[in-house]
Structure formats: structure tokens, C-alpha cells
Number of protein chains: 4
Amino acid sequence: MSVKEEPILILVTGGTFDKEYNELTGELFFRDTHLKEMLALGRCRLPLDIRTLMMIDSLDMTNADRATIAENCSRVGEKKILITQGTDTMIETAKVIAESVKNKTIVLTGAMVPYTFGSSDGLFNLGSALAFVQTLSPGVYVAMNGRYFRHDQVRKNREKGEFDEMAQ
Amino acid sequence: MSVKEEPILILVTGGTFDKEYNELTGELFFRDTHLKEMLALGRCRLPLDIRTLMMIDSLDMTNADRATIAENCSRVGEKKILITQGTDTMIETAKVIAESVKNKTIVLTGAMVPYTFGSSDGLFNLGSALAFVQTLSPGVYVAMNGRYFRHDQVRKNREKGEFDEMAQ
Amino acid sequence: MSVKEEPILILVTGGTFDKEYNELTGELFFRDTHLKEMLALGRCRLPLDIRTLMMIDSLDMTNADRATIAENCSRVGEKKILITQGTDTMIETAKVIAESVKNKTIVLTGAMVPYTFGSSDGLFNLGSALAFVQTLSPGVYVAMNGRYFRHDQVRKNREKGEFDEMAQ
Amino acid sequence: MSVKEEPILILVTGGTFDKEYNELTGELFFRDTHLKEMLALGRCRLPLDIRTLMMIDSLDMTNADRATIAENCSRVGEKKILITQGTDTMIETAKVIAESVKNKTIVLTGAMVPYTFGSSDGLFNLGSALAFVQTLSPGVYVAMNGRYFRHDQVRKNREKGEFDEMAQ
């Protein structure tokens, strides 16, 4: 196994990515993550470990949840970590992680449309986030819209539903 | 625009990626590339220029075709180039480009299943290839299966339909 | 044109069928109907006229709305009418129409999952409803789950999300 | 169970409907039928029995194959039978069945695009064919393009990929 193939840990926290449509109530809800299905579709052959930490809407994510995510990033042996979560508070989570976790490459990604809906950006984002986590130097990043952003140089543009770079 | 946001050129050459099903004959054929549609689905916001060089099956790609691709890579101003082509001869094309093009990051990608079919790996591969082309140092690479490979350290495993790393 | 090919009128009223996902708010909403897109996908060659009467959730449908639908059914020249609406109050609408419209074959259908989501039953239901409206004798029917039901012999089983026949 | 709910037999013979893409060879092939998956997607609740007779391209269907299909139609107890097969020789099969099977409603359907590809008409055709087999009087019919045709009043328009009615 070459250097670039050191194992990657994926921490699942929920978000639009993994939402499903409840046909009895007409509401969106969480069941299991679709990460494995997505990785199979992408014919992904990376050495990956997938762990589900929580299954929540990022608007419901508390400081305690963020502490749990950061603590998991610190505790594990992997130096490369991908986190899936809702886009609404993705940057807040990135900042909390950056305060306590050093010397690891951590990339957060999500989706604007659930994977199970036809028009999802999820598979594209997953592909790019897995590539960024392999190649970027240690730090905490957000990967969306085909781009990567340092956790302290990004904001979500809620009108457009996309992420913008901003001067530090 | 930050350094990482220097413009990326996408050169389209065809391949399974862009094949479609002809419902009158039951055969696969090429019409236009689906790159724009795929980038829209991925909500991609990178500064990109897309140019179609040819629309062919990679088994039909000749040495003259490869020379054309390499020449285009040399001539253009962009330092970051993504090439879509069929997986069968992707490595040969990478080698030809590597002989003449230096100081640019060039990534080749493709798909095992056409984008227009439900089960395509195309969107995942496109996401990862666009991330690799932004972050890898100059050289010629193949991006498939969530991984990247140097052009001289990869072989296609035809039995499994995936790419393997091999010692130089 | 043979007898069976007399023109069919499709009256669109909204319902889950035509809901879309708003990626900025995470909510479902209505824009335009997807009927034309669905008929194109089905390679439908029937002589059809499509008219959008309203674009609402069937839980929001009022008695005045139902009167409008029934009035449209009466007024038009077509003897065969397909109505798309939400499943929650489909039977109520069928009953209102049956009170005032005679000598026409009217079929109501809908979907449990929006057409734009991958897992929709909409295309199947549309195919069966169009077949039923061509072949059933005058009356008002609900077409769901591959079945047809007389308006006065059906109930929606909300726990299962399907329609059951019941004795009159 | 009401009269309309007498059990329906589905005889699977292959055809474009059930073709899949072999990502190693780039060719289309048959594995198992997708009928059950399609019926689940349509939330179909009809009493059905599905039997696979063969899994072939309709261009490869022989007179012996057609005799087998007709014989199965005769032998079984069901009075309502749906047959899935390729569109190229669907009408020939219908004629062979009509010669020997009387007093049953038999509907043949298929698809222009495989179900596993995103743009398939298969689900629409299946919905309409199941509705026609419930409602048409005894005889042998082809159901395509939202329409039904008597076996002796239909021809396939190969240029357009659709079925036309013709005078007997």
C-alpha cells in the first residue's frame, strides 16, 4: 500500500445527503446512511472505514454533538477523515474540529438534494471529497461545488445554496 | 481568484462516459457530451472550459488521435487539464501525453457505465478527477475507483473492470 | 381514428405526483406539472389534451376546488377524462364528480412519491390510469396500485399507503 | 375478491425490457427479470403469478419458442395473461398465440429502452398493460405507447420505434 493509500475514515452524521422520503407522511426522515451504496456505485476501491456517529439534520446539531465529532477525529488512528453532514452548519462543525484536531486532513461534505432523489449532487461531492482528503495537507476543509475551502475562509451563500471563498 | 482556482480545461474525447442507447437499433452510440449536464447536477462552481476534441470509443483511438490530444494539452494556456476518455486505452493516452507535456497537471478519467444509464460511476469519477486536477503536482494521472495513479504505475484489470497500482 | 382513440383530457390538480424538492429550504413545493415529461418517457402516442386546473396539495383542496373540477368535467366535450391529484382526498373528489357528471369515464390517479424522486410510482400509475380511462365503461374511478376502484367502493388505507376495495 | 381481481399470469420471455449493461464488455445481456422490482416500484397490489419462460432477444425467438409460449397460455388456468417480450417480433408472437388460444385476454408488452437505464418506457408500459389485461374482452393484444392494438390490426413502425394501428 502506497503512502496515498493510507486508510480513510468516514464519519457519518446525517444531513440532506442521507434523507429519505416517507411516502406515508410526505416528510423527509433518516433511516440508514447511503454511503455504502454510493461507494459501490462509484466502484470505489479505497481502503475505507465507515462509522455512523449520529443521523441528524445539521440544524439540530448541538455543541455536544460537535464535541463528539471532534473527539472522534482526535481519538482514531486515521490521519485522513471524511465527515458527511448537512450543509447548513457544516462550517461551524469544521471550526470546532479545527480548534482541537491538528496534523490530520479532515474534509466535510454534504449535499443540497438527498441521494435517493434523482437530482442529487451527493455522488459528485463524495467523489471530490474523497479525492481532496487524499491529497490536501493537514487541516480542516469543506468540499462543495467541486471546490475545497479552508474552514476559516468559507461562508455558505444561502440565497444561492452554494459555498463562497472569503478572505481570512 | 485564489491560486487553487486557476482555470481548468476539460478535453472531451468520448468513451463509455458519453455513450447513449439508440432505442431504434439497440446499439450504443455517441451524440453530444453530457459533461455540462453532469457539472450542473454536481452544482460545480469551478472556472471551467470544456472542449470536445473527438467523440469516439477508446478502442478506436489511433496514434494520430493521441497526438492530437497531447498537442492540445501543450498548446493551451491552462496548467490544469482533465481529459475524459474510454477506460480501455486510457493508460496508453496518458503515456503519450506524458512524453511531450511537462509542467502541467493532467488527469484522465472515464466511466464503466454510461452516464445516461442509472448505474453509472461517471458522476463520482468526475467529482474525484476535478478534485485531483486541482491538488496534484504536475504530472499525468489516471483517476478511477476513487483513486489516482501515476501514468507509469497503473494497469487496468480487465477481469474486474478496475485499475490497479503497480510498482514502476 | 378508431373508437378507442377518442381524445382523452387530462386535468392536472397537483398532488405528490408533481411535487419537487426545494434545495434551498429543504421543503417540497409545486412548480409546473411533469405530465408532458412523463408521457414523453412512456413514448405515449395517445391523442391527449392536458390542462392544469390548480397546483395544490390534496389536503388543501376545498369544496370550491372540487366544484371547479367537476364543472370542468361536465363542460368539456371529451368523454374520457384523467385527473391527477394527491391521494389523501382523491376519493372525496371522485364522489363530488360522480354526483354531477354522468355518461363519461373519469379516472383519478396520483402517486405516493414525487415523480422527480427516483422511487416514484407515478409513471406506473399514469400508464395504468390511461389504459383504464380508454377501456372502462362510464363512471368515476380511482386507479392506484395497478387496480381500479369504483368511487363508491374504495377507501385509502393510510397505514399501508394503498387503496383497498370495500363492499358498497 | 371481485371479478376484476381474478389472478393474472405474467409470462417473461426477455426483450429490451430486461436487458442489462455488461460493464466489462460494453454489451447488453440478460440476467434475471426486473419484473418484481418494477411491480414493487409501482406499489402494485394485484394478485399476480410471474413465470420466466425464456430470457432472449425477440430477434432470436424461434417458432419453437412461440409454440412454447402459446402452449403455456393454453395450459394454465388463468384467463388473463400478460407477456413481456422484445418489440421486434412481438406481433408475430401475438399471431401465433391467437391461432390456438381462445377465450382468454392476452396482452403483450415490452420496452424500447431497458428498465435499468434511466430513460426507460418500461414502467409506463407495464402499468398500461396490466390495466388492459384486466379490462379488455378475450383476445390477443399488443400494448405499447399507451395504446392497445388487436394482434391483427397493428404493425411496428421501425423508423419511429412505435406501433401503428392498421385496418384489418
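**Exercise 1. Work out how chain A and chain B are related.**

A word on the model before we go on: it is predicted, so local features need pLDDT of at least 70 and side-chain atom pairs count only at pLDDT 80 or more, while totals for chains, interfaces and linings use all residues. Residues are numbered from 1 along each chain as its sequence is written, chains are lettered from A in the order in which they are written, and side-chain values use heavy atoms, without hydrogens and water.

**Exercise 2. Describe the interface of chain A and chain B.**

Step 1. Count the residues: 34 from chain A and 34 from chain B are in contact (heavy atoms within 4.5 Å).

Step 2. Compare the two sides. Since 100% of the interface residues of chain A are also interface residues in chain B, the copies meet through the same surface.

Step 3. Find the buried area, which is the accessible area (1.4 Å probe) that two parts lose on being put together, summed over both. Here it is about 3,000 Å², with 56% on carbon and sulfur atoms.

Step 4. Look for charged partners. The interface has two salt bridges (a side-chain nitrogen of Lys or Arg within 4 Å of a carboxyl oxygen of Asp or Glu). One of them joins Glu162(B) to Arg45(A), at 2.5 Å from N to O.

Step 5. Ask which elements take part. In chain A, helix 4 (122–135), strand 8 (147–150) and strand 10 (162–165) each supply at least two residues of the side that touches chain B. Helices here are DSSP runs of H or I with at least four residues, and strands are runs of E with at least two, numbered from the N terminus. Helix 4 of chain A gives the most, 11 residues.

**Exercise 3. Describe the contact of chain C and chain D.**

Step 1. Here, 34 residues of chain C touch 34 residues of chain D.

Step 2. The buried area is about 3,000 Å², and carbon and sulfur atoms give 56% of it.

Step 3. There are two salt bridges between these chains. In one, Glu162(C) pairs with Arg45(D), the closest N and O atoms being 2.5 Å apart.
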